Amino acid sequence: MLYEYKGKIPVIHDTAYISEDVVITGDVTIDELASIWFKTVIRGDVAPVHIGKKANVQDLCLLHQSPNMPLIIEDEVTIGHQVTLHSSIIRKKALVGMGSIILDGAEIGEQAFIGAGSLVPPGKKIPPKTLAFGRPAKVVRNLTDKDIEEMERIKQSYVDKGQYYKHEVEKFSD
């Protein structure tokens, strides 16, 4: 469901897949080939939300912000199931593992991996190409080529699944 909020209407690229049970409000932009999965809530009623190309936001996620602090998900990012993102920046090709919480002003570096169940506190910067894990999240090691290949595989699988679901839903709605 899409909702206007104070004159702001979500802008969603035609190629993006948005599950029918997703709620998106206000100042939200979703770029091409992105996918937003079942039961996710994206509220752009405090500050803007931008979701980049080929990004995926998986089931049961919650995306919101604080005043004057946008939420930015750059291109080719994977956001795992039940993640909460609040006024943070997730850089290109990063992966945020299931059940993680990323708080105001945190920045996840390009191709960084946040392990499942982690808490990235306000203002914390996770360097590029590192694995961070824990509550609070701490960098535990640099990523290997194998790690980065797996992150790419996961991202591409969601691009492919999103397009499959998008076309199947259209097929059944005729």
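Buried means under 20% relative accessible area, exposed over 50%, and partly exposed in between, with a 1.4 Å probe and protein chains only. The model is predicted: local features need pLDDT of at least 70, side-chain atom pairs count only at pLDDT 80 or more, and totals for chains, interfaces and linings use all residues. Residues are numbered from 1 along each chain as its sequence is written, and side-chain values use heavy atoms, with hydrogens and water left out.

**View A. Ser88 in the loop between β11 and β12.** Strand β11 covers 84-86 and strand β12 covers 89-90, with Ser88 in the loop between them. Strands (E, at least two residues) and helices (H or I, at least four) are DSSP runs, numbered from the N terminus. Ser88 counts as buried because its relative accessibility is 1%. Beyond its neighbours within four places in sequence, Ser88 is in contact with Pro70, Leu71, Ile72, Ile102, Leu103, Gly105 and Ala106. Contact means heavy atoms within 4.5 Å.

**View B. The open sheet of 8 strands.** The strand order is β3-β5-β7-β10-β13-β16-β19-β20, and the pairing is mixed. Each of β3 (17-18) and β20 (137-142) has a single partner strand and stands at an edge, so one side of each is left without a neighbour in the sheet. Two strands pair if DSSP finds at least two bridges between them. Tyr17 has Ser35 in β5 as its bridge partner.

**View C. Parallel partners of strand β4.** Strand β4 (residues 23-30) pairs with β1 (residues 2-3) over 2 bridges, in the parallel sense; here Leu2 has Ile24 of β4 as its bridge partner. Strand β2 (residues 11-12) also runs parallel to β4, joined by 2 bridges, and Ile12 is partnered with Ile30 of β4. Between β4 and the parallel strand β6 (residues 41-51) there are 7 bridges. Val28 stands opposite Val49 in β6.

**View D. The second largest pocket.** This pocket holds about 160 Å³ of space. A pocket is an open set of points on a 1 Å grid over the protein atoms alone, where a 1.4 Å probe fits, with protein on both sides within 12 Å along at least five of seven lines; lining residues have an atom within 4 Å of a point. Among the lining residues are Gln58, His81, Phe113, Ile154 and Tyr158. Strand β13 (95-96) and helix α1 (145-173) each supply at least two residues of the lining. The lining divides into 7 nonpolar, 5 polar and no charged residues, where Ala, Val, Leu, Ile, Met, Phe, Trp, Tyr, Cys and Pro count as nonpolar, Asp, Glu, Lys and Arg as charged, and the others, Gly among them, as polar.

Key
Points joined across faces, edges and corners; volume = space filled by probe spheres on them.
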